Amino acid sequence: MKIACIGGGPAGLYFALLMKKADPRHQFTVLERNRPDDTFGWGVVFSDQTLGNLRAADEESYRRITESFAHWDDIDVHFKGRTITSGGHGFSGIARKQLLHILQERAAGLGVDLRFATEIPSPNSLMEMGLGDADLVVAADGVNSVTRRTYAGHFRPDLDVRTARFVWLGTTKRFDAFTFIVVQNEWGVFQVHAYRFDERQSAFIVECDEASWRAAGCDRMGHAETIAFCERMFAPWLDGHPLMSNAAHLASPWLTFTRVVNERWHFRLPPDETGRAPHVVLVGDAAHTAHFSIGSGTKLAMEDAIVLARELNARACIGEALDAYEAERKLDAVRLQNAARNSMEWFENVRRYVLLEPEQFAYSLLTRSQRVSHENLRLRDDAYLSGVERWFAARSGVEGDARPPMFTPFRLRGLELANRVVVSPMDMYSAVDGTPNDFHLVHLGARALGGAGLVFTEMVCVSPDGRITPGCTGMWAPEHVDAWRRVVEFVHRWTPAKICLQLGHSGRKGSVCCPWEGGDVPLPENNWEVMGPSPLPHGDGWAMPREMTRADMERIIAEFVRAAEMGGACGFDMLELHCAHGYLLSSFITPLANRRTDEYGGSLENRLRFPLEVFRAMRAVWPEERPISVRISATDWVEGGIDGGESVEIARAFAEAGADAIHVSTGQTSPDAKPVYGRAYQTPFSDRIRNEVGVPTIAVGNITEFDQVNAIVAAGRADLCALARPHLADAAWTLHAAAEQGWTEQWWPPQYLTGKQQLERTLARKAAQAAELAGGGI
């Protein structure tokens, strides 16, 4: 093949040397605008896992790279006068210039044609350089890729320019650990990411949000002023060592990060007059970027090169090889970009976390990306994690042990929960005329026996026309009180669990079939009239709601009050008002459903008016010592709908009205929603609300493992974790989680204790067998 590579960074050079190593007959030219010794970064970070991939791809360059490494295991977090250290992280640093020299020499030694100080104003310039007959054009021209911009119609890029500011500096101060320094001052919050990359120097990245940057006057600083400013601010950690910049070519030393995503990574140009039609492919930062806070940009670039070279040398058809490359690498890039996004957003919003105590702040920082979990920290540094667990238990009122965070108690008003596990409200659609029956008794009773600290009812509707389906439970008739009291008394008699009554009204999403009878389509008969803030159906095929009058509102407030009083008579420990998922109160809050022009529509304050009236009326009749939570949809996942910023104001309004906790869900308010799914994908909204409003939160949404519960709670992203589907699959999920973690103090029903003992023995035997296998035994 004849290959032209635009860009001589790690991606282009590594791809070139791998191709020539695989087949010396390849004609490979690398075109780089800078000189060989020019580089404007400082250090590059590799994880131990990445090094294994480099070794397998090319032993010689791997050996030279690792000979130049500075290696560390510890992470130091400097915050509020404390230094907290966590070990076992296994990273290595190398000077970017040294890495480029190694790759340049290796590529040249294999016969790659390296052309430096060569400007490529556009890919069309290749013709003038005698490379117009290339079979493949590789765009390794970085985050500001000219190739990507020239062929944007083919690649369809999505560029997200962030607002946080950072400056990439170097220093002769040798940091012996990967170091994070966080300073809060009169201007805002500034943080440092620092690491040693050779025997003499360290990278020193200073980052801050835009508000802090402007308040400190950094927007008016040049290179010299910026260095002096940073040296003064971080003098206690620099020990007299200077800071240095090698970015004099930039108008301002301060940069912003651009997240790059491309819909397509390759295409084929149309044939020219000679019939040649080269393929064009993106690699490295031209294809994707990952925020520097996870140190994986170079890793991604070089792993792109590995896969692209492998596929091209294994297949006769270039197009098929590029398809295979894109499919594999796009998936890996998305995974890493998701982690990088979590990390990036944590640092962009670090002022949200400076109110945390140092122990929790450091733990939150370490687990920010979700790539490092609670149990993963235990494997890396058991002593550190045990210290966190002891601190968290003491903070929760339990002295002297290092229990898993999920098994610490939690208090709301007069209610104390034995642990942080919640059984989510899940509609069962199995009631008759609103009355719960034996199914509900067994369903909720079994989950209370399963060890969760708090069990939610499904959404209990406050009136017949407030139901979603004919099978929904209710709280409007005397027989409902008797039936619910039976459930509550079972939970209280046989378990230490507490039980919460969730009250709601379906609004415009009512009068539909049960899920297994068609779901979300109007009933074929016996329909009831639906209402909403505006005469807008939830979606195509849904019933047209009647616009509510003030008289309707007064009636519904009275229905919620009646239901709350009935719930109190049943003995429920806690109450929740459902203001999420597009049901009645949610539809008042979201502008997607509320188009009113009176005092109940328009501004967020007006859209919240009716839900707050309902809440205040319920709080007035609910026993003072018992808590009330509110469930909200923190985003509609629709442009023009509720977003994360507004959700903070929604939560604050309910907290000021007396809500004791916010149950943070998302979406289900519009069929046009486009959620961004992933592990615990709704937890960041809980995190933001908890730490910006200062109100306890319940996280929910694809939380499936006890490891996630421990991390969410310990990091302060939520106070409680609600699990739905895991509890449908395993009513005793909490009991099993305790046994798997060796937490023998978890309450079990005394009738089941022999099962507990057998489970613990079985798990201990499996652990011993796994340890023996890992140690080389039979």
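Which ring does the charged end of R467 sit over? The ring belongs to W528, and the charged end of R467 is 4.7 Å from its centre. A second case involves R626, whose charged end sits over the ring of W622, 5.4 Å from the centre of that ring. Keep in mind as you look around that this is a predicted model.

**The whole protein**

The protein has 25 helices and 30 strands. Its C-alpha atoms fill a box of roughly 85 × 65 × 60 Å, taken along the principal axes. For 778 residues, a compact globule would have a radius of gyration near 28 Å, and the protein's 30 Å agrees with that.

If you take the contacts between residues at least 6 apart in sequence, 72% of them join residues at least 24 apart.

**Aromatic rings**

Now for the rings. A pair of aromatic rings is described by the distance of the centres and the angle of the planes. Searching the whole structure turns up 32 aromatic pairs. Here are two of them.

| Pair | Centre to centre | Angle between planes | Arrangement |
|---|---|---|---|
| W168 and F292 | 5.9 Å | 65° | edge-to-face |
| F615 and F654 | 6.0 Å | 75° | edge-to-face |

Where do W168 and F292 sit along the chain? W168 lies in strand β11 (residues 165-171), while F292 is in the loop between β18 (279-282) and α10 (297-314), so this pair ties together parts that are 124 residues apart in sequence. W168 counts as partly exposed, because its relative accessibility is 23%. F292 is buried, with a relative accessible area of 12%.

The pair of F615 and F654 also links distant parts of the chain. F615 is in helix α19 (residues 604-621) and F654 is in helix α20 (residues 644-656), 39 residues apart. Are these two buried or exposed? F615 is buried at 0% relative accessible area, and F654 is buried with a value of 0% too.

Rings can also gather in groups. One aromatic cluster is formed by W72, F79, F91, F178, F180, Y195, W346, F347, Y353 and F361.

Start with α16, which covers residues 478-494. How far does this helix of 17 residues reach from its first C-alpha to its last? The span is 25 Å, close to the 24 Å expected at 1.5 Å a residue. The buried residues of α16 are H480, V481, A483, W484, V487, V488 and V491. Among the elements that cover them are α15 (438-449), β22 (454-461), β23 (498-504) and α17 (550-570).

Next comes α24. Six of its eight residues are buried, so α24 is largely enclosed by the rest of the structure. Those buried residues are W733, T734, L735, A737, A738 and A739. Their cover includes β21 (421-423), α15, α22 (706-714), β30 (720-723), α23 (725-729) and α25. After α24 comes G742, which has a positive phi, near 75°.

T744 lies in the loop between α24 (733-740) and α25 (753-774). T744 is partly exposed, with a relative accessible area of 41%. Not counting residues up to four places away in sequence, T744 touches K756 and E760. For a sense of scale, the C-alpha atoms of T744 and S463 are separated by 44 Å, and these residues are 281 apart along the chain.

G217 sits in another loop, between α7 (210-215) and α8 (223-233). Its relative accessibility is 5%, so G217 counts as buried.

Finally, look at S647, which is found in helix α20. S647 is buried, with a relative accessible area of 1%. Which residues is S647 in contact with, leaving aside its neighbours within four places in sequence? The contacts are with I632, A634, I642 and I689.

Technical notes:
Residues numbered from 1 in each chain as written. Predicted model: local features only at pLDDT ≥ 70, side-chain atom pairs only at ≥ 80, totals over all residues. Heavy atoms only, no water. Phe/Tyr/Trp six-rings, centres within 6.5 Å; stacked < 30°, edge-to-face > 60°. Helix = DSSP H or I, 4+ residues; strand = E, 2+ residues; numbered from the N terminus. Buried < 20%, exposed > 50% of the residue type's maximum accessible area, 1.4 Å probe, protein only. Lys NZ or Arg CZ within 6 Å of the ring centre and 35° of its normal. Rg over C-alpha atoms; globule rule 2.2 N^0.38 Å. Contact = heavy atoms within 4.5 Å. Expected span 1.5 Å × (residues − 1).
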